[in-house]
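This report goes through the parts of a protein model and how they pack. The sequence and structure come first, and the description follows.

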Amino acid sequence: AFVQAALGVQGPCGTVSTACSSSAKAFAQAQRWLHLGLVDAVVVGGVDALCDSILFGFQSLGLVSPTPCQPFGAGRNGISVGEAAGFALLQRGPGALQLMGHGESNDAHHMSSPHPQGLGAEAALDDALARAGIGAEAVDTVQLHGTATPRNDEVEAALVARRYAAQVHASACKGVTGHTMGAAGILAALTSLLALRDGLRAGSTGTQVADPTLGPAFAQQLHLAPAQAPTRIAACHSFGFGGNNCVLLFGQGQA
């Protein structure tokens, strides 16, 4: 409601609160509104601010790293808590950048731990791929959720290794930004859109050495350094507490 008033826009507005997948799922809601013809354009936002309840809550779970986090790194030992805000404008019709599809799921396996086989995350990926009409092998780069907690990274690495092509460029940005909770989804989305627009695929900054226990297939897919390469299709993962999962697929469109 604050954003609507500040921008002076009309039409439906809503808040999505599903922990770390919130602002990714906001893209999904916006795409549904557009497809239903309820709106001509949608402002999508994601924001989360540092507060004691978040910091001490994660600390009580033993998930906060005393040093900058290392997603998928051999020395990872928890998250770094960050804050961020980001916005995007979605509208119907052709454009240089396209939201090709979204996928959502809720595995409801555990309040704070992912499904051990990543079934909810995989269901969200399948949903997004089906909407986009492509296979996972068509994805050039993946912006991973990559929290740097042992279990989350293990489950996501296994998903990437079994579903994406061996040459996919996978990376995680939380070594730079920290885990921005409700804003994590829009940061991943914007990183994916920059890869499409500028041909610059992000690296997993902060991760020194990939964890060898995550397997050789994933070690080949995970990129610690950025790379300049044309990108046609980019995916981003957002997995939240309670098994709230969302995968977004972005692609090159027509200017």
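## Helix α4 and its surroundings

The buried residues of helix α4 pack against β3, α5 (150–163), β8 and β9. Here buried means under 20% relative accessible area, exposed over 50%, and partly exposed in between (1.4 Å probe, protein chains only); contact means heavy atoms within 4.5 Å. Helices (H or I, at least four residues) and strands (E, at least two) are DSSP runs, numbered from the N terminus.

This is a predicted model, in which local features need pLDDT of at least 70 and side-chain atom pairs count only at pLDDT 80 or more, while totals for chains, interfaces and linings use all residues. Residues are numbered from 1 along each chain as its sequence is written, and side-chain values use heavy atoms, with hydrogens and water left out.

The buried residues of α4 are Gly 120, Ala 121, Glu 122, Ala 124, Leu 125, Ala 128, Leu 129 and Ala 132. The helix covers residues 119–132, and its 14 residues should span 20 Å at 1.5 Å a residue, which agrees with the 20 Å between its end C-alpha atoms. The expected span is 1.5 Å times one less than the number of residues. Just after α4, Gly 133 has a positive phi of about 70 degrees.

## The sheet and other strands

An open sheet of five strands has the order β3-β9-β8-β4-β5, with mixed pairing. Two strands pair if DSSP finds at least two bridges between them. β3 (97–106) and β5 (169–171) are the edge strands, each pairing on one side only. β4 (residues 141–143) and β5 are parallel and share three bridges; Thr 141 stands opposite His 169 in β5.

Helix α7 (residues 184–198) lies across β3, β4, β8 (233–240) and β9 (244–252), and runs at about 170 degrees to β8. Axes are lines fitted to C-alpha atoms, for helices over the stretch in contact, and angles run from 0 to 180 degrees between N-to-C directions.

Strand β1 (residues 41–48) runs antiparallel to β2, joined by eight bridges; Gly 45 has Phe 87 in β2 as its bridge partner. In a regular strand the side chains alternate between the two faces of the sheet.

## Aromatic pairs and cores

The structure holds two aromatic pairs. Rings of Phe, Tyr and Trp (its six-membered ring) pair if their centres lie within 6.5 Å; planes under 30 degrees apart count as stacked, over 60 as edge-to-face and the rest as tilted.

| Pair | Type | Centre to centre | Angle between planes |
|---|---|---|---|
| Phe 27 and Phe 250 | edge-to-face | 5.8 Å | 85 degrees |
| Phe 72 and Phe 218 | tilted | 5.0 Å | 50 degrees |

Phe 72 lies in the loop between α3 (52–60) and β2 and Phe 218 in helix α8 (residues 216–221), so their pair ties together parts 146 residues apart in sequence. Phe 72 and Phe 218 are both buried, as are Phe 27 and Phe 250.

A nonpolar core is a set of buried Ala, Val, Leu, Ile, Met, Phe, Trp, Tyr and Cys residues joined through side-chain atoms within 4.5 Å. The largest has 26 residues, and those touching the most other members include Phe 72, Val 142 and Phe 218. α4 gives the largest share of this core, six residues. A second, separate core of 22 residues includes Ala 24, Val 39, Val 42 and Phe 250.
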